[in-house]
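Good morning, and thank you for coming.

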Amino acid sequence: MKKSKLPNIYLGVILIIMYLPILLVILYSFNYSKISSIWEGFSLRWYKELFRDKAVFEALINSIILGILSSLSAAVIGTLGAVGMFRSNFKGKGIIEYISTLPIMVPEIILGMVFLVFFALIGLPFGMTTLVIAHTAFCIPYIYMQVKARLVGLDKSYVEAAKDLGAGEFRAFFDITLPLIRPAIVSGIFLAFAMSFDDVVISIFVTGVSTNTLPIKIYTQLKTGITPEINALCTLMLGVTILFVFLSSWIGSKKTVIQKQEELS
Amino acid sequence: MEDIILQLEQIKKSFDDTQVLDSIDLSIKSGEFITLLGSSGCGKTTTLRIIAGLEAPDSGRVILEGKDVTNEVPNKRNVNTVFQNYALFPHMSVESNIGYSLRLKRAGKSEIKKAVTKALETVQLTGFEKRMPGELSGGQRQRVAIARAIVNNPKVLLLDEPLGALDLQLRRQLQIELKRLQKRLGITFVYITHDQEEALNMSDRIVVMHNGRFEQIGTPTQIYDTPKTSYVAKFVGSANILTGIVKGIENNIVYIETKDGIATVLHKDKPLNIGQKATLAIRSEQVNLCPTDQETAALSSETFIRGTVKEKSFSAGMLRISVALSNGTEFTASRHGIDSNLVPDDEVIISWLPGDSILVDLEAPYEKA
Amino acid sequence: MKKPKRHKQKGVSFIFTIPLYIFTILFVAGPLVYMFILSFQNRAKTWGVVNEFTFQNYLNILEPIYLKTFLISIRLALITTVLVVLIGYPFGYLMAKLTAKWRTRVNLLLMIPFWTSSLIRLYGWIIILRSNGVLDQLLMKLGIINAPLKLLYTYPAVVIGMVYSLVPFMIFSVYSSAEKLDWSLVEAARDLGASSIQAFLTVSLKMTLPGLLSGIILTFIPSMGLFFIADILGGNKVVLIGNVIQEQLMKAHNWPFAAALAVVLTVLTSLMIYFYRKITKVKDLEGLL
């Protein structure tokens with residue numbers, strides 16, 4: 001039976017269509033002309049303008065800080081929560097778990113609205129504070145689920161051995177559980193950071209007048225007036241993304257300690 | 001009287017609706033090697049975990065060195081466990097693993113290093129300090145697990161089927177090593193296995209467990225030569241079990257009547273009444289078979305039971321012939337050799353000398369010791 | 001039975017859950033409850049809310065204009081989902097059939113667009129679809145059309161944008177299901193006499209169903225909320241529920257009404273998740289990640 005080339009053609013076509021918009025954005029970032037439909041020659045003009053644009057720079061810093069703060073807070077709350085839930089059994093356990101994972105199941109528009117009215121009600125200042133709280137809320141489920149999945153697969157005799165050797169609950173957690181769930185926490189943080197960095201909808205609703213995140217800046221520019229400076233920005237962000245993707249796939253291919261051990265037994 | 005180092009009093013434990021341990025009593029002497037022997041599900045692992053503190057009993061007490069530790073958490077007891085799958089911390093090196101309990105006690109760095117080196121020497125793994133568990137073979141990991149447990153100088157060491165995952169050769173070798181180690185260190189070993197050979201080879205005393213109860217406690221010789229219950233007789237040494245009615249007692253020989261003939265057994269000290277039900281056990285090596293057409297005048301004190309040959313097989317260097325009685329009970333006779341004239345469907349006479357069989361199930365199934 | 005020391009141990013585990021507990025109640029449960037309460041209140045003259053209880057907001061939703069918006073949103077979500085299934089399912093399935101080497105490569109290739117900001121990718125579509133943009137120029141050069149198509153700011157443009165953004169989720173969902181497929185089962189079916197199509201329908205489809213269904217959920221629910229795509233690619237022409245909510249919140253400052261709309265939307269999505277769970281009997285959403 002001759003192997004049909006059709007599947008591969010299909011995969012190829014779809015992949016090309018996926019990359020097309022991205023490639024065009026990159027292409028036109030080098031276009032001298034302000035109007036993207038007319039090509040006026042290769043130029044780095046927009047990159048230069050980008051580096052001079054303070055507002056964009058500020059938005060970038062904000063996004064990075066926001067991403068780091070949210071993903072780290074979510075990591076602490078989510079990891080402790082996952083470990084604690086796993087080992088205890090109190091009455092409200094299922095409900096708390098369900099509610100805490102709601103933020104990724106509910107459409108973003110609803111979350112955004114809900115945070116907006118609630119923060120107004122309790123009088124929080126709109127800006128970085130509200131952004132961090134809102135972002136943390138939707139970052140927690142990513143980390144919680146990853147850690148929980150890892151905990152479920154973890155052999156409980158490791159913790160028992162630690163206790164047998166003299167460790168209390170706290171020490172057993174820090175010395176044994178934590179290192180062994182670290183991969184899940186790290187990949188959860190990466191995922192959470194990416195989700196936070198890319199967030200548009202929720203950020204629009206909970207940000208203050210003076211605080212701009214990068215996605216918000218791009219969004220408003222896309223709606224008002226587009227300059228190719230945006231292309232340059234997008235191209236640079238793309239470069240970072242590609243770097244990240246290759247980095248994480250490289251790290252992922254290095255086997256973890258447990259994988260090695262499991263393979264040997 | 002020797003020092004009793006560990007006592008279990010009336011331990012009961014249930015999981016969900018299943019009773020896993022039913023009033024366990026045990027006194028363990030200091031420095032002895034005692035084995036809990038039984039098939040899976042009999043409760044031996046649960047017993048171990050209760051001693052270690054990883055489970056709490058529903059009722060009963062655990063007394064270690066005179067102190068009631070029933071409700072103490074595992075990290076406060078001077079008892080260490082060698083887990084079935086070793087449970088070596090995969091992210092720590094061998095020396096980190098072994099030194100872990102000492103680090104918890106905040107011992108000094110040089111003190112820890114000395115203790116770790118000594119422990120590695122004891123299990124013959126000197127030089128393995130920097131290796132990671134993932135790089136070790138099964139036998140090596142097991143030794144590291146033992147080293148990690150003994151570095152603390154625990155009063156009692158619990159071993160949960162530590163040799164189960166290893167191949168036969170390695171198992172035999174490590175059995176000898178473990179026994180030597182225990183004698184040298186003088187630590188009390190509580191050992192779990194389902195392998196009767198292992199238990200008979202290594203232990204000072206054996207506790208045969210079945211359905212959450214102790215069937216019998218005794219030295220290997222006692223367990224093998226004088227099993228008290230049919231379960232112990234069958235589990236250790238694969239004996240044949242026969243039940244019948246006492247017909248008569250003469251010259252210290254008990255005559256037991258069954259549908260297929262008379263079985264004889266030496267009278268034990270417990271009194272027996274005529275007409276009472278009795279059970280005996282006889283090892284397959286001591287069963288004689290002769291074809292019915294060669295009936296010779298047997299001694300009146302010998303057993304005389306009719307049966308039909310079912311199967312012939314060869315296993316572990318012995319020829320095994322299984323014979324069926326009229327009620328379906330199967331008797332196995334084994335001897336050296338590879339063949340005999342008997343074939344399936346042959347009628348045979350089963351016989352043995354009364355001194356070779358033993359009465360079992362004379363008292364309540366569970367033991368206190 | 002007194003177990004003082006063991007209780008202390010369990011207590012430590014409970015302490016670990018406290019941050020999660022507090023955060024969840026305060027910042028997730030709280031806001032959602034408030035939204036519900038808000039939907040029954042009334043808007044004050046200029047700013048804020050008046051503490052009265054009223055059903056008026058919900059009654060307003062029944063007005064044709066808003067009902068129509070709900071219908072448009074649902075319709076768009078349905079169209080998007082169907083297209084995403086048609087495009088994404090074959091991709092995920094065929095991808096799983098590749099050799100290990102190619103699977104890793106394609107995976108990597110998919111990661112880059114997936115992790116690229118959705119705004120960047122949408123911008124790319126603007127470049128393509130705008131009047132005299134890339135598509136127009138290409139088609140005109142090929143002589144297929146004479147005048148610009150004016151595709152931007154139309155309904156089809158929004159559909160394209162939605163499908164494009166959501167297809168990766170479907171692909172990954174289907175792929176993770178199809179990857180675990182035991183191909184020898186398909187071979188066995190063929191061996192027993194099934195044609196390619198029959199083998200597919202009876203074996204492959206059934207076994208990749210979890211991936212397909214979770215992909216559908218991952219597509220349908222977000223598509224009810226991705227109003228910024230409609231904003232960017234559809235301008236004011238395409239108005240979805242999300243747009244209305246945003247408008248009511250930010251421009252008209254009618255928070256109670258926005259809350260009521262949001263409540264209805266939440267109920268709709270919850271119902272869908274409920275039925276999905278019933279159909280697949282899936283208790284955890286861990287598989288989605």
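Let us begin with B:Asp345, which sits in the loop joining strand S18 (330-336) to strand S19 (347-351) of chain B. Helices (H or I, at least four residues) and strands (E, at least two) are DSSP runs, numbered from the N terminus. The phi angle of B:Asp345 is near 80 degrees, a positive value in a residue other than glycine. B:Asp345 counts as exposed because it has 8 C-beta neighbours inside 10 Å. The rule is that a residue is buried if 20 or more other C-beta atoms lie within 10 Å of its own, exposed if 12 or fewer, and partly exposed in between, with C-beta atoms placed from the backbone.

Before going further, a note on the source. This is a predicted model, in which local features need pLDDT of at least 70 and side-chain atom pairs count only at pLDDT 80 or more, while totals for chains, interfaces and linings use all residues. Residues are numbered from 1 along each chain as its sequence is written, and chains are lettered from A and ligands numbered from 1 in the order in which they are written.

Is B:Glu161 buried or exposed? B:Glu161 is buried, because 21 other C-beta atoms lie within 10 Å. Its place is the loop between strand S7 (156-160) and helix H5 (168-185) of chain B. Phi of B:Glu161 is also positive, near 40 degrees, in a residue other than glycine.

Chain B as a whole is divided into domain 1 (4-230) and domain 2 (231-360), with bounds that come from an automatic or database domain assignment. The contact between them takes twelve residues from domain 1 and twelve residues from domain 2 of chain B; two residues are in contact if their C-beta atoms, placed from the backbone, lie within 7 Å. The C-alpha centres of the two domains of chain B lie 39 Å apart.

I turn now to chain A. Chain A has twelve helices and zero strands. Its radius of gyration, taken over C-alpha atoms, is 23 Å, well over the 18 Å that the globule rule (2.2 Å times the number of residues to the power 0.38) gives for 265 residues, so chain A is more spread out than a compact globule. Of those 265 residues, 48% count as buried.

How confident is the predictor here? Chain A averages a pLDDT of 83, where pLDDT is the predictor's confidence in each residue, from 0 to 100. Among the elements of chain A, helix H7 (residues 157-164) has the highest mean pLDDT (92) and helix H12 (residues 257-264) the lowest (55). Where pLDDT is low, the predicted coordinates should not be read in detail.

One residue of chain A deserves a look: A:Leu191, found in helix H8 (residues 169-198) of chain A. A:Leu191 counts as partly exposed because it has 19 C-beta neighbours inside 10 Å. A:Leu191 and A:Tyr142 are 49 residues apart in sequence and 7.2 Å apart in space, C-alpha to C-alpha.

Finally, the chains together. In the pairing of chains C and A, 71 residues of chain C are in contact with 68 residues of chain A. On the side of chain C that touches chain A, helix H1 (residues 4-38) of chain C gives the most, with 21 residues.

Thank you for your attention.
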